[in-house]
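Please look over the sequence and the structure shown below, and then read the report that follows.

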Amino acid sequence: MSQHKMTLRALEPEDLELLYQIENDRELWDVGPTNVPYSHYALRNYIANSTSDIYADRQVRLMVEVENVGTIGIVDLVNYEPQHNRAEVGIVIQKPFREQGYATEVLCKVVEHARRVLHIHQLYAYVANDNEASLNLFRHAGFTIAAQLADWLFDGSQYHPAVLMQLFL
């Protein structure tokens, strides 16, 4: 049972500043595929042109909104492969809201959405070996380690290992 009244919703123009903050947070660049800043203009266009349809865009970005708190983060299903019916999942919860159970609820909600609405067969995530919080989050949701990946993540000065975690729905 959910502790928080939480909604996963489509991007809105009002999300521009939060999206700008998250996409330009250099601490997150080490765990994602991006390492350049995004402009307000580029993000405004992204919001305007996003269909929020995983089948059309091959990805869907959902904002995490908590009643009486506000928008606290983002969950993404990206790299959707219709032939193989799988997608990569990523979650960003803003720092002030971490370690309060929000990420666990978000992951449970997105897994259910992927299973019941999108009919995805498999979700996966790449997690740095030293990111204990994320490793525990995905393990708790039933993801298992499928592969060890040497030198997978580059932080600008050195490479770090990661694991590929999978969940079959």
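This is a predicted model: local features need pLDDT of at least 70, side-chain atom pairs count only at pLDDT 80 or more; totals for chains, interfaces and linings use all residues.

Residues are numbered from 1 along each chain as its sequence is written, and side-chain values use heavy atoms, with hydrogens and water left out.

Asn79 is not a glycine, yet has a positive phi, and Arg58, likewise not a glycine, has a positive phi too.

| Residue | Phi | Location | Relative accessibility |
|---|---|---|---|
| Arg58 | about 65° | loop between helix 4 (54-57) and strand 2 (60-66) | 39% |

Helices (H or I, at least four residues) and strands (E, at least two) are DSSP runs, numbered from the N terminus.

In helix 1 (residues 16-23), the buried residues include Leu16, Leu18, Leu19, Ile22 and Glu23. They cover an arc of only 165° around the axis, taken from the directions from the helix axis to the C-beta atoms, and therefore sit on the same side of helix 1.

Elsewhere, the axes of helix 5 (residues 102-116) and helix 6 (residues 132-140) come within 10 Å and cross at roughly 40°, these axes being lines fitted to C-alpha atoms over the stretch in contact, with angles running from 0 to 180 degrees between N-to-C directions.

Methods
Buried means under 20% relative accessible area, exposed over 50%, partly exposed in between (1.4 Å probe, protein chains only).
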